[in-house]
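Here's a quick briefing to read alongside the coordinates.

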Amino acid sequence: MTHSYKEQGFATRAVRAGQQRTHENEHAEPIFLTSSYVFDSAEQAAARFGGDEPGNIYSRFTNPTVRTFEQRLASLEGAESAVATSSGMSAILSTFMALLSAGDHIVSSRSIFGTTRVLFDKYLSKFGVETDYVSLTNLEAWQQAIKPNTKALFLETPSNPMNEIADLAALSALAKAHDCLLIVDNCFCTPALQQPLALGADIVVHSATKYIDGQGRCIGGAVVGDAQRVGEDVYGFLRTAGPTMSPFNAWTFLKGLETLELRMNAHSASALQLAQWLDQQPNVTHVFYAGLPNHPQHELAKQQQSAFGGIIAFEVKGGKEGAWKLVNATQWLSITANLGDTKTTITHPATTTHGRLTEEARAEAGITDGMLRISVGLESIEDIQADLQHGLDQ
Ligand SMILES: *Cc1c(COP(=O)(O)O)cnc(C)c1O
């Protein structure tokens, strides 16, 4: 028997939901490293394959460790269903392959993960699905971009790296009025800080690689939503096309979910402190963090999120040269484009994550040459500040 934990709090569900003990009575969740399952008889094999009897057949279809991760994440997002995928990108691909057809149209925020944009422009377009891009925070632009064949609105909030915040309730009303789906990449906040489905979104996608793992070990993703679209349609694509999550990775992510709320609150507290400190530095011209009262969507972020997250962007004097000097003067911060790790990372978006954009597109997205992005880790905040101080003194 599994307890549903439906009435329990977030922290309890993060630790307990989805676990089903075997006859061994193990305390922790086991890893089922098996590709297939055996049947008691020819009759049972036929019944399983025929769909007359529920149960495991093959790990591309179902795996108990993966299922535990899916049920726990669904519980945390307040959803009927979740399906786990091999990466965040395959979560996004699977969602669109399952739910859209040739001739359909997507309206997307222009401030999305670079590879997602490549997926839309280079690959989905080959199959007759076109995408138009709008400013994340301009509701009127979203409305104007919707066409009769628009099937989905897609966004990330807060955006990367500028920390712009979308009004999820307003966009969900817009999506409903035009009979299209609101799909939210909830990578930056995770359900610990923001639950888009409760604000009217239809589907949430995740790169579990980031905060859900939280310790930089595994690649994975998930699609979360209702039992029909996610539990049947997206699942149907996954079991056929095969970008499923490995049981070992599912176990790692399960353990990540157990500490997710603690970690997200700690990342957020350190990031707020660091943003306030950066804002005081003479060589910093601007800090982009929704926790600061001067942020244009500070009030919206306060309503929509329980904390402001672990990502900060800021601009230094001296353009690219000034930014690179700062990066190179740090002694132990990790120079890497990854985020959502216990280890603090520093990136120069204009020459890395956003380097492939044209100068014009970068300017449109607000990404200047002097801008840096920090994913604030769980080290002592005094030490993070001291390492950045080396760079700011240059
Ligand atoms: C990293 C990332 C992805 C892609 O996830 P992978 O696990 O690397 O495939 C998608 N969206 C956002 C916001 C990301 O940061």
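Between domain 1 and domain 2 the count is one salt bridge. Keep in mind that this is a predicted model. The domain assignment puts domain 1 at 10-258 and domain 2 at 260-392.

**Salt bridges**
- E364 and R110 pair up through their side chains in a salt bridge, at 3.9 Å from N to O. The cut-off for calling a salt bridge is 4 Å, so a pair at 3.9 Å is counted.
- The count by this rule comes to 12 salt bridges.
- Another pair is R117 with D121, whose side chains form a salt bridge at 3.5 Å, N to O.
- R117 and D121 both sit in helix 5 (residues 114-123), and they are four residues apart, or about one turn of the helix.

- The centres of domain 1 and domain 2, taken over C-alpha atoms, are 27 Å apart.
- Domain 1 puts 34 residues into the contact, and domain 2 puts in 38 residues.
- About 3100 Å² is buried between domain 1 and domain 2, with carbon and sulfur atoms giving 57% of that area.
- On the domain 1 side, M162, L193 and Y211 lose the most area to domain 2; together they make up 26% of what that side buries.

**Polar contacts and what lines the domain 1 side**
- Helix 1 (10-16), helix 8 (190-193) and helix 10 (247-258) each bring at least two residues to the side of domain 1 that touches domain 2.
- Helix 8 gives the most to that side of domain 1, with four residues.
- Sorted by class, the side of domain 1 that touches domain 2 has 18 nonpolar, 10 polar and six charged residues.

- As background, strands of a sheet pair through backbone hydrogen bonds, either parallel or antiparallel.
- Strand 9 (residues 311-316) and strand 12 (residues 371-375) run antiparallel and are joined by five bridges.
- Within that pairing, I312 stands opposite I374 of strand 12.

Terms used
Residues are numbered from 1 along each chain as its sequence is written. This is a predicted model: local features need pLDDT of at least 70, side-chain atom pairs count only at pLDDT 80 or more; totals for chains, interfaces and linings use all residues. Side-chain values use heavy atoms; hydrogens and water are left out. Domain bounds come from an automatic or database domain assignment. Contact means heavy atoms within 4.5 Å. Buried area is the accessible area (1.4 Å probe) that two parts lose on being put together, summed over both. Ala, Val, Leu, Ile, Met, Phe, Trp, Tyr, Cys and Pro count as nonpolar, Asp, Glu, Lys and Arg as charged, and the others, Gly among them, as polar. Two strands pair if DSSP finds at least two bridges between them.
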